[in-house]
Amino acid sequence: MAAAAPEQHDLDGHIAYVLGRDPAPFEALIGQLMSADNEARRHAEKLFNICRTQHGDTLVLKLMHTLQYSQVVEIRSMAALLVRKQMVIWPQLSSQSQSSIKEQLIVCVKQEQVKTVVKKLCDTVAELAASIIEDGQWNELFPFLFQCVSSDTSQWKESALMIFGQLAQYMGPSLHSDLSTLHSVFKQNLGSSMPGVRLAAFRATSSFVQTLETLQDRERFQDLLPGMMQTLNQALDVHEEATAQEALEMFIEIAGTEPQFLRKQLVEIVSNMLKIADADGLEDATRHLAVEFLITLAEARERAPGMMRRLPHFIGNLFAILMKMLLDVEDSTAWHSAEIEYENAGESNNYEFGQECLDRFANSLGGSSILPFAFELLPLYLSDQDWRKRHAALICLSQIAEGCSKVMIRNLEPIVNMVLNSFQDPHPRVRWASINAVGQLSADLGPDLQEQFHQHLLPTLVMGMDDLLNPRVQAHAATTILNFSEGCTPQILTPYLDIVVNKLLVLLQSGKRMVQEGALTALASVADSTQMNFQVYYDAVMPYLKAILMNATDKSDRMLRAKSMECISLIGMAVGKEMFGQDAKQVMDVLMSLQGTQLEHDDPIVNYMLQAWGRICKCLGQEFQPYMSIVMPPLLRSAQLKPDVTITDAANVENDNLDSDDESVERITIGDKKIGIRTSILEEKATACNMLCCYAVELKEGFYPWVDQVASTLVPLFNFYFHEDVRKAAVSAMPELLHSAKLALEKGVAVGRNESYLKQLTNYVMSALVQALHKEPETEVLSSMLQSINECIKIVGIFLEGNHVKSMVDEFKQAITAINTRKRERAERAKTEDFGPEEGEILLEENALEEEIFDQIGECVSTLVKTFKAPFLPFFEELIPFITPMLGDDHTAEERRISICIFDDVAEQCQGSACKYYDTFLPFLLEASVDADPDVRQPAVYGIGVCAQFGGVTFRPFVGEALTKIKQTISQPEAFTANNIMATDNAVSALGKICEFQRDNIDSEQVVPAWLSCLPIRNDLAVAKLVHAQLCSMVERSDPQVLGADNRNLPKVISVFAEVLIAGNDLASEATVERIVNLVKRMQQTSSPQALLAIWSSLQPEEQTVLQSILSPQPPSR
């Protein structure tokens, strides 16, 4: 303690020195906070933080003094930033300090001349005002701002408008009481003669418009658009492109958030933007921003559906501009070298931007809008003498294929001909582009493309592999085999294997690494697609692959070696364990030795090796178990990788250039921050998570030793929002982990563990899954989570406690509410004046995703009902208000189907306990039993049958209407067509249950024979087995209505039995078939010869044959 006292005394003295009257020490401290010397900066940060904690008032006042009086611009700039960061301690400051700070901030706004400092100063004023002004703590600010915008000093005007713009972002709705005043201010300053003022007014208007909540308010500000456009045009007229780019960026913001605001001036604005985009004399950055504005408007489907699609000349003009951008490419000699580092040689920013925008343009507007212009322009480009135009046409075709796929699939022949004709082009870059188009079209238009044109395209790709003078073309032809084969059935691809494999083996021996890598990719894909048919090539191919794996040890060969792993493991899976087993050990020895080396963080081998191990495990199954102790430690390390994220100031140009050439870093800008994420780490993590799931699936109880460690690794990743594939892999692994643990207990593998362990694991997994469900932002991942929850319930449902079930049901209710909210919002989109068929198609696709979520919820509820039966009913009652609205005619057929299925399961599993819900649900089921959609009718009539079976007297009031509806369903003209037959079969089954369980409530003399006349059931095999077993039971007890008076129905019964016997075990279980045989024999013994002869004569020859085979002695001859 004695030693610490002088040290504290020294610190106190240093703080007093820094915060004293002399400004120099404090300015020196601020300078050190900006130091490139890490040690000096850390020391300064520590001292600064102590000052803030112990002397907050003095520190902030000192910062304000520095901001006001320092002569060093960098120091003032840093001081402005630091003042803003101290706003978190504002409530702890004394009222005197608060008043002084507010006064000094206003003084600084008036006197500061340096724009970078002014910007930070205005940010600070706005942030502080947003937190205190509504409480009446800064009533002087607004009068000051209005005084500034009315002054003759441009700097004051700019600062005030900048603050208004920032305030709009922080507290926009609170400013709406001043709408008229602000409108006048913005309009006046948009017409200013001073460019800086105009731009500041533009920025403020842009920010404010995005906060307006009603159409009426937005319309009031639409007359500012001409002034905003004038600001942009004036900047371009005087060659102030930096100013113009700022204006364009603000237009892009409006296009993304409030596109309808632009509607009344849309033609003029879009026309102007097209001119800017097509102006060769402007900087690329300016032209790109104009295009970005137009593409953003086209993508604004939710806020302005169809608006751009109906704009005259817009699509054709923008399409032509984007095509021109694709011409900005050079025939670089580096490209022809076929070295991977020169893969994009000759491609300009214009070219890359044009590619990206064509893809987005097509995806936003679709084939009906884009293809008419493409089919008009592309043939002209393809027939041009300039190779760049022919190249551009093919690249364009590749880029628009995804967005136009639905229309392209209906017009495949002209598209394929465009590509095929280009395979013989004299220019290698055009030939490369034609091959590239085949690859992209295969991915986007498959499998239709492969099925219809394989006989043309595959030989052409093989021909591309013969382009010996152009190895880049050869390599791409090989690589494109991957895209093509992924959409191929083995039947399509197998006839081409001889020529393809032999050609690829030649390429494997090429001296060009890119060609070899392409050949490996192709071999892996054709083996994966043809599976066992690849066995005949195994002995020829595998030695080459093992040679590369063992000998490609140079750093430059890392990807080659990685691809050899991929190829070997995929071929191993294709040909099977018996053929691959011997080589597998040798390959695994190489992988083990590699795993023991220190690989660099960017080495592609890491990711490829993780996947190769997983494939080999799938191939070998339980025989892979001995390698798990080697595979698992690095796999877990990869799954536990932390994301490599950097956050920098978006305005800092130096940061913008940092790692700008690193393609493994993905950058996004959020507000004033630029976030960089190293995607290679995320991909390795996702791969590792998928492999962990794979091992659990393959090894089952053999995976038990790693269950706890894997669970503790993957469960926290349910909330890993950097990468959705990581979350999907993590949640998908949960049922497999629980299954592994359960099997280990059942088979005695989990020594020393009992059911309490499994219950504890269940609690850990299910609690986390349900919590993650609540926060999941992506529909696709949400669907995976619900699917995982459902599978988990099937495996360990008995261990779930009431609080788990309650949490699940609460989340189901929340999810259904969210589904309905989103669908209502989409329905509003459909009411807009520009809404058309294309938007309607998109809306249906979006709603289909919602229905998938609801279907998963239905599956989960059904599994819970099957697990808990009647004790689940209190939870079901909570869901009823959320399910019954889905049964209404205003909901889709799929939603009605799912809701009916949920009730069917409740009625079937809870039997008599569910009768109290009949009054609520049966009217819906009766109505749905004659629905136009057979997928709705089927569960409806099934549910009616279940209620008839278990409802007893509760079902009695519904019997009459049920019979009417079932008769209507069975007797409709289309009842036995392919689309309707499953629903009809279920209706017949329901009629049979009414006959058996509601006999006292029907006219059995009429209804039972009517049911018998509908038999046998031939299509719904599960229902058929039940119904034919039911018929057996009724005949076994000599049911009088089934047999009829004087056994008049017996020929029909025998005919039904004969048809069931003809079908083998398809229409009846083995036990039922045996019962039928016994019944037929008994009838033979108990019936008179005349009766038997009458029955025999009524049968079809095939029926007679099958009965003859089981009867002895032979039935009497006629």
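Which helix of the chain has the lowest confidence, and which the highest?

**View 1. Confidence along the predicted model.** In this predicted model, mean confidence in the chain is lowest in helix H35 (residues 653-657), at 44, and highest in helix H21 (residues 387-400), at 97. The chain as a whole averages a pLDDT of 90, with 96% of the residues scoring at least 70.

View 2. Where pLDDT is low, the predicted coordinates should not be read in detail.

View 3. Val575 is found in helix H31, which covers residues 558-575. With a relative accessibility of 1%, Val575 counts as buried, because the cut-off for that class is under 20%. Apart from neighbours within four places in sequence, the residues in contact with Val575 are Met532, Phe534, Gln535, Tyr538 and Phe580. Gly836, by contrast, lies 261 residues from Val575 in sequence and 51 Å from Val575 in space, taken from C-alpha to C-alpha.

**View 4. Packing of helix H32 against helix H33.** Helix H32 (residues 577-595) packs on helix H33 (residues 605-620) at an angle of about 150°, and the two axes are 11 Å apart. This angle makes H32 roughly antiparallel to H33, since the class takes in angles over 145 degrees. The crossing of the two helices is left-handed. On the H32 side the contact involves Lys577, Phe580, Ala584, Val587, Met588, Leu591, Met592, Leu594 and Gln595, which meet Ile605, Met609, Ala612, Trp613, Ile616, Cys619 and Leu620 of H33. Sorted by class, the residues of this contact between H32 and H33 are 14 nonpolar, one polar and one charged. Phe580, listed here for H32, is also one of the residues in contact with Val575.

**View 5. Packing of helix H39 against helix H40.** The axes of helix H39 (residues 755-775) and helix H40 (residues 779-796) come within 10 Å and cross at roughly 160°. H39 and H40 are therefore roughly antiparallel to each other, and their crossing is left-handed. H39 contributes Leu758, Thr762, Met766, Leu769, Val770, Ala772 and Leu773 to the contact, while H40 contributes Leu782, Met785, Leu786, Ser788, Ile789, Cys792, Ile793 and Val796. The residues of this contact between H39 and H40 comprise 13 nonpolar and two polar, with no charged residue among them.

Definitions and conventions. Residues numbered from 1 in each chain as written. Predicted model: local features only at pLDDT ≥ 70, side-chain atom pairs only at ≥ 80, totals over all residues. Heavy atoms only, no water. pLDDT = per-residue confidence, 0-100. Helix = DSSP H or I, 4+ residues; strand = E, 2+ residues; numbered from the N terminus. Buried < 20%, exposed > 50% of the residue type's maximum accessible area, 1.4 Å probe, protein only. Contact = heavy atoms within 4.5 Å. Axes fitted to C-alpha atoms, helices over the stretch in contact; angles between N-to-C directions. Parallel < 35°, antiparallel > 145°, perpendicular 65-115°, else oblique. Left-handed = near helix turned anticlockwise from the far one by under 90°. Nonpolar A, V, L, I, M, F, W, Y, C, P; charged D, E, K, R; others polar.
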